[in-house]
Structure formats: structure tokens, C-alpha cells
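Student: I have a chain open on my screen and would like to go through it. Can we start with the surface and work inwards?

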Amino acid sequence: MKALLVFIALLPLGFAYYKLESAIDPIKMLYSITGIGAVVLLLLSLVPSTCKQVCHKNFLSYRKTIGLLSFLYALLHASVFVVLDSEFNFVTIFEKSLKKPFIYVGVIAFIILLFMALTSFKKLFTRFSKYHKAVYIALLLALLHSFWAQKVAGVFEYSVIGVGAVLLIERLWSKRRSYI
């Protein structure tokens with residue numbers, strides 16, 4: 001089942017590879033596909049916990065796989081910015097970051113996801129698992145980055161924020177209920 005999950009999650013990258021030569025703006029297309037993939041998979045990584053609370057179905061074994069796939073998309077998204085769009089020119093990266101502050105928000109979210117990916121393996125996870133609650137901060141920052149990066153927010157941006165809000169509210173409600 002995890003192999004099927006990985007295959008489905010990687011399909012957009014195959015689509016991007018197939019359409020890259022015919023794209024009007026290939027870098028923009030790669031930004032879109034990797035950014036949307038990272039945010040959607042980050043949202044989906046929270047769904048197993050919600051399913052366990054609400055539906056009493058245990059899909060927690062898929063959470064790590066989905067989270068790592070989200071990190072992969074975020075890594076590709078950052079790579080498009082550094083390698084393809086800025087060509088490793090760090091002066092350009094700095095200048096773009098000054099003009100577009102949403103980049104800083106995305107970088108912070110990426111650093112959180114990087115930390116979580118590096119500490120998601122058994123030995124380190126037992127030591128750093130309490131810090132994995134930072135996924136909620138990463139999600140908020142990723143949603144802000146995604147929304148802020150758009151010149152005009154559309155249905156997708158509002159839908160992603162709505163789903164993220166529902167998942168975060170459910171988590172807060174569940175946490176509050178456990179204290180009562």
C-alpha cells in the first residue's frame with residue numbers, strides 16, 4: 001500500500017517531466033507543481049491522526065511516508081528557486097527575498113520540514129518526537145507562503161486554507177478534549 005501511495009504522490013512529477021518542453025514557462029510550472037505537491041502532502045500527513053480521532057481508523061503507519069513525500073516536494077520547490085531560477089547566485093536570491101518576503105516564510109517552513117525529515121528515522125525519532133509537533137507551525141507557514149505568493153488567490157488557495165484550518169481546529173479541539 002505504501003508503494004502505491006508513493007507512486008500516486010510522484011505522478012505530478014512525471015507529468016511535469018512529460019510537459020516540461022512544451023510549457024510556456026517551465027520554471028513557473030515546476031514552482032506550481034512542487035509547491036502544490038508540498039502543501040497538499042503536508043495537509044494529507046495530518047489526515048491519519050484526524051481519521052484516528054474522528055473515524056477510529058488507524059492509518060498512522062502512512063503518516064511518515066506522506067510527510068517525507070511532502071518534504072521531497074518542498075526540497076524540489078526550494079531547488080527550483082536556488083538552482084533553476086537563481087542559478088546559485090546568492091546575491092540574486094537575497095535581492096529576490098527582499099522584494100518577496102513570502103520567501104522567508106517558506107524558508108522557515110522548509111527548515112522545519114528538513115528537521116522533521118532528518119529526525120524521522122527510528123533512532124532520532126525517539127529522541128526528537130516531541131519536536132515533531134512543529135508540523136503545525138510548518139503547515140501554517142506553508143499555507144501563508146502559498147497564499148502570499150499568489151498575485152490573485154483562487155479557489156485552490158482558499159480551499160487549501162480551509163482544509164488546513166479544519167485540520168488544525170480538529171487537532172486543537174482533540175487536544176482540549178483530552179485535558180478535560
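**Surface, fold and contacts**

Tutor: The chain exposes about 11,900 Å², and carbon and sulfur atoms supply 72% of that area. Accessible areas come from the Shrake-Rupley method with a 1.4 Å probe, and for residues only the protein chains shown count as cover. This is a predicted model, in which local features need pLDDT of at least 70 and side-chain atom pairs count only at pLDDT 80 or more, while totals for chains, interfaces and linings use all residues. Residues are numbered from 1 along each chain as its sequence is written, and side-chain values use heavy atoms, with hydrogens and water left out.

Student: How many helices and strands does the chain have?

Tutor: Eight helices and zero strands. Helices (H or I, at least four residues) and strands (E, at least two) are DSSP runs, numbered from the N terminus.

Student: And how compact is the chain?

Tutor: The radius of gyration is 17 Å, close to the 16 Å that the globule rule gives for 180 residues, so the chain is as compact as a globular protein of that length. The radius is taken over C-alpha atoms, and the rule is 2.2 Å times the number of residues to the power 0.38. Along its principal axes the C-alpha trace spans about 50 × 40 × 35 Å.

Student: What share of the residues is buried?

Tutor: Buried residues make up 34% of the 180. Buried means under 20% relative accessible area, exposed over 50%, and partly exposed in between (1.4 Å probe, protein chains only).

Student: What about salt bridges, how many?

Tutor: Two, where a salt bridge is a side-chain nitrogen of Lys or Arg within 4 Å of a carboxyl oxygen of Asp or Glu. Asp85 and Lys96 form one of them, at 3.3 Å from N to O. That pair links distant parts of the chain, with Asp85 in helix H3 (residues 63-85) and Lys96 in helix H4 (residues 90-99), eleven residues apart. Asp85 is partly exposed, with a relative accessible area of 30%.

Student: Which residues make the one with Glu170 in it, and how far apart are the closest N and O atoms?

Tutor: Glu170 pairs with Arg171, and the closest N and O atoms are 3.6 Å apart. Both Glu170 and Arg171 are buried.

Student: I clicked on His132. Where is it?

Tutor: His132 sits in the loop between helix H6 (122-128) and helix H7 (135-148). His132 is buried, with a relative accessible area of 13%.

Student: What does His132 touch?

Tutor: Leaving out residues up to four places away in sequence, His132 touches Met116, Thr119, Ser120 and Phe125. Contact means heavy atoms within 4.5 Å. With the side chain of Thr119, the His132 side chain also makes a polar contact (2.8 Å). A polar contact is a pair of N or O atoms within 3.5 Å; within protein, one must be able to donate a hydrogen and the other to accept it, and residues adjacent in sequence count only if both atoms are side-chain atoms.

Student: Last one, where is Pro26?

Tutor: Pro26 is in helix H2 (residues 26-54), and Pro26 is partly exposed at 31%.
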